[in-house]
Amino acid sequence: MVTRLLVVVSVACCALVAGSPAQASCAGSPSPSAHRFTGVVVSTTLGGRRAEVRTDAGTTVEVRGTPVDADNAMTSVDRSYEVGGRYEFHPVNDASPYTDSACTATRLLSRAAAPSERGSPPRANDGDASYLVAGLAVIVAGAAVALRRRRSGRATA
C-alpha cells in the first residue's frame with residue numbers, strides 16, 4: 001500500500017515537472033506582418049502582456065499582447081514580453097497601440113542583462129525549482145523500490 005502511494009506521488013511529481021507545452025487558439029503557423037518593426041521593451045503592465053516599446057526608429061509605442069484589459073483575465077492567445085528584451089514585432093495593425101498575440105510571428109531577438117547582473121556570477125532562476133521537484137521524485141521512487149524489495153525479501157525469508 002505504501003509502495004503504491006509512493007509510486008503515485010513520484011509519478012505526479014514527474015508530471016508536474018514535465019508540464020505541458022503552451023497552447024494557443026491559433027490556426028496554422030504565423031506569417032510575417034506587413035507592419036514589422038524592431039525595438040526594446042521599456043516597461044510592461046498587465047502581467048507583461050502590454051508593453052511600452054522604444055523602436056529602433058526612435059519612437060515609443062504601445063504593443064498589446066492581449067485583447068483583454070483586466071489584470072486577472074487571460075486568453076489562450078496572450079503574448080507576454082520581457083522588460084529589456086529586444087523583439088521583432090509582427091503586429092496585425094499599422095499604428096500604436098499595436099495589436100499582437102501568440103498567433104503572430106513576433107519573436108524575442110535578445111535579452112538584456114540588468115545592470116546589477118552584468119559581470120556577476122550566474123544566479124538561480126525560476127526554472128531551477130523544477131530540478132528540485134524532479135530530484136525529489138527520483139528519491140521518492142527510489143525509496144519506493146527499496147521498500148518493496150525489502151518487504152518482498154521478508155516475505156520469502
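Where is Pro97 found?

Modeller: Happy to. A word on the ground rules: this is a predicted model, in which local features need pLDDT of at least 70, side-chain atom pairs count only at pLDDT 80 or more, and totals for chains, interfaces and linings use all residues. Residues are numbered from 1 along each chain as its sequence is written, and side-chain values use heavy atoms, with hydrogens and water left out.

Pro97 is in the loop between strand 4 (86-89) and strand 5 (98-99). Helices (H or I, at least four residues) and strands (E, at least two) are DSSP runs, numbered from the N terminus. The peptide bond that joins Ser96 to Pro97 is cis, with omega about 5°.

Val61, Phe37, Ala51, Val53 and Tyr98 belong to the largest nonpolar core, which has ten residues in all; the others are Val41, Val63, Tyr81, Tyr87 and Phe89. Such a core is a set of buried Ala, Val, Leu, Ile, Met, Phe, Trp, Tyr and Cys residues joined through side-chain atoms within 4.5 Å. Buried means under 20% relative accessible area, exposed over 50%, and partly exposed in between (1.4 Å probe, protein chains only). Strand 1, strand 2, strand 3 (60-64) and strand 4 each give two or more residues to this core.

The six strands form an open sheet in the order 5-3-2-1-4-6, with mixed pairing; two strands pair if DSSP finds at least two bridges between them. Strand 5 and strand 6 (107-110) stand at the edges with a single partner strand each, so one side of each is left without a neighbour in the sheet. Strand 6 pairs with strand 4 in the antiparallel sense, over three bridges.

Arg86, in strand 4, stands opposite Ser110 of strand 6. Arg86 is partly exposed, at 29% relative accessible area, and its side chain makes a polar contact of 2.4 Å with the side chain of Asp56. A polar contact is a pair of N or O atoms within 3.5 Å; within protein, one must be able to donate a hydrogen and the other to accept it, and residues adjacent in sequence count only if both atoms are side-chain atoms.

Arg50, in strand 2 (residues 50-55), is another arginine to look at. Arg50 is buried, at 16% relative accessible area, and its side chain makes a polar contact with that of Glu62 (3.3 Å). In the loop between strand 1 (37-45) and strand 2, Leu46 has a positive phi of about 50° although it is not a glycine. Leu46 is buried too, with a relative accessible area of 10%.

Stepping back, the chain holds two helices and six strands, in the pattern α-β-β-β-β-β-β-α. Of its 157 residues, 25% count as buried. Among contacts between residues at least 6 apart in sequence, 56% join residues at least 24 apart.

Definitions and conventions: Contact means heavy atoms within 4.5 Å.
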